[in-house]
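Have the viewer open and try each task before you read on.

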Amino acid sequence: MTSGISRRARVLAAAVGTGVLVPLVAAATPAAAAPPAVTCTSAEAGLAAKLKKDITAALATRKGTVAVGLYDRSTNTTCTLRASSAYDSASVVKVTVLAALLWDAKKANRYLTDRENTLAKAMITKSDNAATSTLWKQLGMTKIKNFLSAAGMTQTKPGANGYWGLTQITVTDEQKLLKLLTAKNAVLSDNSRAYIVKLMGQVVSSQRWGTPYGVPSGVSVAVKNGWLQRSTNGWRVHSVGAFKGGGHDYVMTVLSHGNSTMNYGIATIQAVAKVIHKDLAAS
């Protein structure tokens with residue numbers, strides 16, 4: 001061994017001496033990114049921290065990829081997790097379809113026809129797919145996109161070729177829609193909002209799982225769920241809901257995929273919903 005230091009090391013040392021920044025060791029392989037954290041804010045002391053802790057704990061042992069949105073007007077509380085992650089909509093998009101139909105009818109200064117009312121009721125209360133396809137086709141892509149633009153739902157991408165269930169949705173946009181349904185605004189008339197919320201309150205009992213789980217007595221429930229199995233990412237299981245009573249006025253979205261079964265996804269959503277209802281009721 002000659003000088004005890006290799007020629008390359010001497011070159012590197014010289015370069016460092018001249019102020020040129022040269023890495024002396026190979027960069028370490030970056031660790032896998034930590035999963036995104038639940039973030040909450042609230043005007044009520046202690047509520048944000050409690051929700052963050054409890055939602056995080058509810059998801060700690062659950063497999064799959066879950067996105068969460070909560071907004072409570074009464075306490076100005078917001079929680080989000082993966083708010084901009086895109087999911088196949090499954091039947092949750094049916095609320096958007098009805099909102100677009102009513103928005104378009106309002107522009108034309110007309111009421112829904114008896115036929116449209118029948119289709120809308122079947123679409124929301126029983127999650128009827130044929131009714132949805134009929135209304136989706138009737139509206140057409142231009143009107144659907146125009147409604148999304150009017151509603152500020154810029155992250156929602158309608159499914160192509162009639163595949164409304166493959167519309168890409170995010171927590172951010174679903175929460176925007178739920179807020180439009182539950183407070184006066186320039187996009188949807190008061191009658192339109194009341195009509196959608198009424199139908200979401202009449203969903204058949206077998207489809208009332210998800211975000212309503214653990215809701216306190218005396219709180220009104222409006223819900224729409226979606227479920228779809230595909231060859232990639234397993235089951236998509238989603239639930240959106242609006243709740244009012246007990247001193248609170250809140251909307252909630254939970255989207256998930258990578259579920260082994262539909263029931264597994266439902267259990268995940270309900271674990272989140274249960275702690276949200278509990279923490280708000282106690283605030």
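**Exercise 1.** Find which helix gives the largest share of the lining of the second largest pocket.

*Solution.* Helix 2 (residues 47-59) supplies three residues, the largest share of that lining. Helices here are DSSP runs of H or I with at least four residues, and strands are E runs of at least two, numbered from the N terminus. The model is predicted: local features need pLDDT of at least 70, side-chain atom pairs count only at pLDDT 80 or more, and totals for chains, interfaces and linings use all residues. Residues are numbered from 1 along each chain as its sequence is written, and side-chain values use heavy atoms, with hydrogens and water left out.

Next, sort the lining of the second largest pocket by class: nine residues are nonpolar, two polar and two charged. (Ala, Val, Leu, Ile, Met, Phe, Trp, Tyr, Cys and Pro count as nonpolar, Asp, Glu, Lys and Arg as charged, and the others, Gly among them, as polar.)

**Exercise 2.** Decide whether Ser89 is buried or exposed, then list its contacts.

*Solution.* Start with location: Ser89 sits in the loop between strand 4 (87-88) and helix 3. Its relative accessible area is 0%, so Ser89 is buried (buried is under 20%, exposed over 50%, partly exposed in between, with a 1.4 Å probe and protein chains only). Finally, set aside neighbours within four places in sequence: Ser89 then contacts Trp164, Gly165, Leu166, Thr167, Ile169 and His238, where contact means heavy atoms within 4.5 Å.
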